[in-house]
Amino acid sequence: MTTDASTAVHEGGCVCGATRYRVEGEPLRVTICHCLWCQRRTGSGFAVEAVFANKQVAFSGATRSRYRHVSDESGRWLEIEFCPTCATALGFTLEAAPGIRAVEAGTFDDPGWISAKRFAFRHVFTRSHRDWSEIPAGAETYETHFRR
Ligand SMILES: [Zn+2]
Ligand SMILES: [Zn+2]
């Protein structure tokens, strides 16, 4: 038996432990989103989103609560998912990108796994980047989103 990056399993979950998940393999990409919506929904300066194909991610435990938001800018929906008990943000799906989901990188049991040394990070919506943290020199940056 060998374990390589494509079959390695990483687990995570919310702060109260009611909602758990496991992912198989590596993220398709990691996006650090500085948009105002992510700032508000996380209460922070940005969101760190590890993006996986839906089939790589399996949830267990409590049924996640969902909230569907329609973007003022694109008119398309984004659906955030969170623990019904402790409200930890667990990730979201997007109308614009079917078949994939973002997992909030800070919810992995081993938070060091999603490392900038290991994966290429893309910084998006840098037009609303706050000055609370630096974007590293040489990082891949987009004023809005690379999907536009
Ligand atoms: Zn919870
Ligand atoms: Zn965002």
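This is a predicted model: local features need pLDDT of at least 70, side-chain atom pairs count only at pLDDT 80 or more; totals for chains, interfaces and linings use all residues.
1. Start with the zinc ion (ligand 1). Its protein donors are the SG atoms of Cys-14, Cys-16, Cys-83 and Cys-86, and they lie 2.3 to 2.4 Å from the metal. The 4 donor atoms subtend angles of 106 to 113 degrees, so the arrangement is tetrahedral. For reference, the ideal angle for four tetrahedral donors is 109.5 degrees.

2. How are the donors of ligand 1 spaced along the chain? The pattern reads C-x1-C-x66-C-x2-C. Distant parts of the chain are linked here: Cys-14 belongs to the loop between β1 (9-13) and β2 (19-24), while Cys-83 belongs to the loop between β7 (77-82) and β8 (89-94), 69 residues apart. Are Cys-14 and Cys-83 buried or exposed? Both Cys-14 and Cys-83 are buried.

3. The other site to look at is the zinc ion (ligand 2). Cys-33, Cys-35 and Cys-38 coordinate this ion through SG, at 2.2 to 2.3 Å. The spacing for ligand 2 is C-x1-C-x2-C. Cys-33 and Cys-38 are both buried.

4. Strand β3 (residues 29-33) pairs with β4 in the antiparallel sense, over 5 bridges. β4 pairs with strand β9 (residues 100-104) as well, again antiparallel and over 5 bridges; there, Ala-50 has Val-103 as its bridge partner. Strand β4 (residues 47-53) is mostly covered, with 6 of its 7 residues buried.

5. Now for the open sheet. Which strands form it, and in what order? There are 3 strands, in the order β1-β2-β5, with antiparallel pairing. β1 and β5 (57-61) stand at the edges with a single partner strand each, so one side of each has no neighbour in the sheet. From one strand to the next, the twist averages 20 degrees. Between β2 and β5 there are 5 bridges, and Val-23 is partnered with Val-57 in β5.

6. On to charges: the whole structure holds 12 salt bridges. One of them joins Glu-11 and Arg-20, with the closest N and O atoms 3.5 Å apart. Glu-11 is partly exposed at 38% relative accessibility, and Arg-20 is also partly exposed, at 26%.

7. Glu-49 is worth a look. Its side chain meets that of Arg-41 in a salt bridge of 3.6 Å, N to O. Why does Glu-49 count as buried? Its relative accessible area is 6%, and the cut-off for buried is under 20%.

8. Arg-122 and Glu-140 form another salt bridge, at 3.4 Å from N to O. This pair links distant parts of the chain, with Arg-122 in strand β10 (residues 121-124) and Glu-140 in strand β11 (residues 140-141), 18 residues apart. Arg-122 is partly exposed, with a relative accessible area of 24%; Glu-140 is partly exposed too, at 34%.

9. Finally, which residues are linked in a network of salt bridges? The members are Arg-64, Arg-66, Arg-68, Glu-79, Glu-81 and Arg-101.

Notes:
Residues are numbered from 1 along each chain as its sequence is written. Chains are lettered from A and ligands numbered from 1 in the order in which they are written. Side-chain values use heavy atoms; hydrogens and water are left out. Donors are N, O and S atoms within 2.8 Å of the metal (3.2 Å for Na, K and Ca); water is not among the atoms, so sites may look incomplete. Four donors count as tetrahedral if all angles lie between 85 and 135 degrees; four count as square planar and six as octahedral if opposite donors are over 155 degrees apart and all others between 65 and 115; anything else is irregular. Helices (H or I, at least four residues) and strands (E, at least two) are DSSP runs, numbered from the N terminus. Buried means under 20% relative accessible area, exposed over 50%, partly exposed in between (1.4 Å probe, protein chains only). Two strands pair if DSSP finds at least two bridges between them. Axes are lines fitted to C-alpha atoms, for helices over the stretch in contact, and angles run from 0 to 180 degrees between N-to-C directions. A salt bridge is a side-chain nitrogen of Lys or Arg within 4 Å of a carboxyl oxygen of Asp or Glu.
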